[in-house]
Amino acid sequence: MLRTARSLPIYSGASVDTLQRPLRDVRLSVTDRCNFRCSYCMPAEIFGPDFAFLPRDELLTFEELALVARELVALGARTLRITGGEPLVRRDLERLVVMLRALDSSEALNGEPLDLALTTNGSLLAKLAAPLRIAGLNRITVSLDSLNPETFTRMSGSALPLESVLGGIAAATAAGFTNIKLNAVIRRGVNDADVPALAAFAREGGHTLRLIEYMDVGSSNGWRLDEVVPASEILAQLHALYPLEPLAPSRPGEVANRYRYLDRRGEIGLIASVSAPFCGDCTRARVSADGHLYTCLFASEGSDLKRYLRPAPDAAALRDALHTRWSARDDRYSEIRDSETANRLPKVEMFRVGG
Ligand code: SAM
Ligand code: SF4
Ligand code: SF4
């Protein structure tokens with residue numbers, strides 16, 4: 001197997017971009033709808049009851065999503081993460097998981113199973129965790145910004161209580177998911193004081209807490225640099241409570257900086273996308289629910305894949321288009337961001353491309 005200068009493995013037949021980054025991770029968004037209105041993603045003032053989400057026939061069908069995934073696997077993808085919007089609001093999601101799991105037999109994988117993951121706000125997980133596990137999902141990430149019910153509601157913008165998410169995490173554990181990741185976006189003055197409680201909860205449950213810097217995604221959240229709590233500050237706060245030591249990345253292209261508690265009761269990850277960008281290792285492609293390929297979280301436009309899917313799918317043309325687009329990729333937004341560009345350029349909204 002070849003490796004890039006940054007030691008990212010390149011599978012034979014894999015697509016590599018202009019900065020020598022192989023295609024490796026895929027986020028498949030299954031819907032742009034959500035039952036939460038997190039202020040940093042889909043603020044309720046903007047995404048109110050009259051907001052026009054995608055009409056149903058614009059969404060890729062599960063068959064179309066599985067075909068896109070199959071071609072991306074042929075081009076090097078090894079992790080498929082289902083996301084949204086809130087992916088669990090899409091009906092029968094287990095059926096998609098079964099179809100994606102069937103890609104394990106792809107020639108490109110040489111018998112190595114796909115890493116099949118889901119990111120969810122957890123509020124609908126209590127009922128769905130077991131069927132998703134049976135369908136073949138192997139990893140779950142639940143977003144959880146606070147254990148304080150008031151702060152939780154202020155951040156989620158939803159009438160659904162904190163208990164719905166905690167019940168979802170418990171159900172996922174009971175269904176056999178291990179090493180569940182808990183994602184918390186930290187905003188100064190909003191939930192930065194909640195980090196110790198989140199860490200204690202994650203340690204207790206055997207989960208991995210991932211603390212994420214608040215990002216200037218989309219054009220709706222009114223992002224301000226002074227609301228970003230740098231990962232180094234969060235790390236110092238936690239280290240004072242629970243001493244930590246750094247860990248090596250668990251896999252090439254890992255975006256979180258990992259630390260282990262010295263008492264060996266688990267680990268945390270810090271995602272310093274603003275203060276210490278990791279574009280050099282970014283191997284992620286994102287497919288929106290209406291079938292556009294985005295090569296960067298901060299892109300303004302995606303490439304329309306539907307033209308290779310409808311009226312009838314043309315797999316060869318689709319693979320060609322995916323390869324051509326990835327090969328031309330030169331995105332490194334976070335490395336060149338400054339506070340002016342952050343709020344000036346139009347960018348795709350996070351709930352369209354799934355984080
Ligand atoms: N609805 C699901 C959820 O919340 O987990 C999946 C989609 S959501 C867009 C994926 C991830 O993006 C979540 O963990 C969320 O916290 C994160 N996210 C959304 N907006 C963000 C922002 N402005 N900065 C950092 N992370 C953000
Ligand atoms: Fe919905 Fe997830 Fe965005 Fe929150 S972060 S509004 S749960 S898509
Ligand atoms: Fe990847 Fe774009 Fe984020 Fe850089 S800014 S890490 S290229 S998604």
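1. Start with P311, which sits in the loop between β14 and α8 (315-327). Helices here are DSSP runs of H or I with at least four residues and strands are E runs of at least two, numbered from the N terminus. The peptide bond joining R310 and P311 is cis, with omega about 5°.

2. Some bookkeeping before you go further. This is a predicted model, where local features need pLDDT of at least 70 and side-chain atom pairs count only at pLDDT 80 or more, while totals for chains, interfaces and linings use all residues. Residues are numbered from 1 along each chain as its sequence is written, chains are lettered from A and ligands numbered from 1 in the order in which they are written, and side-chain values use heavy atoms, with hydrogens and water left out.

3. D92, in the loop between β4 and α2, has a positive phi of about 60° without being a glycine. N179, in the loop between α5 (162-174) and β7, does likewise, with phi about 45°. D92 is partly exposed at 46% relative accessibility, and N179 is partly exposed at 44%. (Buried means under 20% relative accessible area, exposed over 50%, partly exposed in between, using a 1.4 Å probe and protein chains only.)

4. Now the sheet. It is open, has 12 strands with mixed pairing, and runs β9-β10-β11-β8-β7-β6-β5-β4-β3-β12-β13-β14. β9 (244-246) and β14 (303-304) are the edge strands with a single partner each, so one side of each has no neighbour in the sheet. Pairing needs at least two DSSP bridges between two strands.

5. β5 (residues 115-120) deserves a look: 6 of its 6 residues are buried, so the strand is largely enclosed by the rest of the structure. Side chains in a regular strand alternate between the two faces of the sheet. In β5, D115, A117 and T119 are buried on one side, and L116, L118 and T120 on the other.

6. What flanks β5? On one hand, β4 (residues 79-83) runs parallel to β5, joined by 4 bridges, with R81 opposite A117. On the other, β6 (residues 139-143) is also parallel to β5 and joined by 4 bridges; here A117 faces R139 and T119 faces T141. The chain gets from β5 to β6 through α3 (residues 125-135) in a right-handed β-α-β crossover. β4, α2 (residues 93-101) and β5 also form a right-handed β-α-β unit. Right-handed means that, with the strands pointing away from the viewer, the path from the first strand over the helix to the second runs clockwise.

7. On to ligand 1, which has 21 residues around it, the closest being Y40, G85, T120, S143 and M215; the cut-off is a heavy atom within 4 Å. A ligand nitrogen lies 3.0 Å from a backbone N or O atom of G85. A ligand oxygen is 3.2 Å from a polar backbone atom of T120, and a ligand oxygen is 3.2 Å from a side-chain N or O atom of N183.

8. Last, N191, in the loop between β7 (181-186) and α6 (195-205). N191 is buried, at 0% relative accessible area. A polar atom of the N191 side chain lies 2.8 Å from the backbone oxygen of V185.

How values were computed: Polar contact = N/O pair within 3.5 Å; in protein donor to acceptor, adjacent residues only side chain to side chain.
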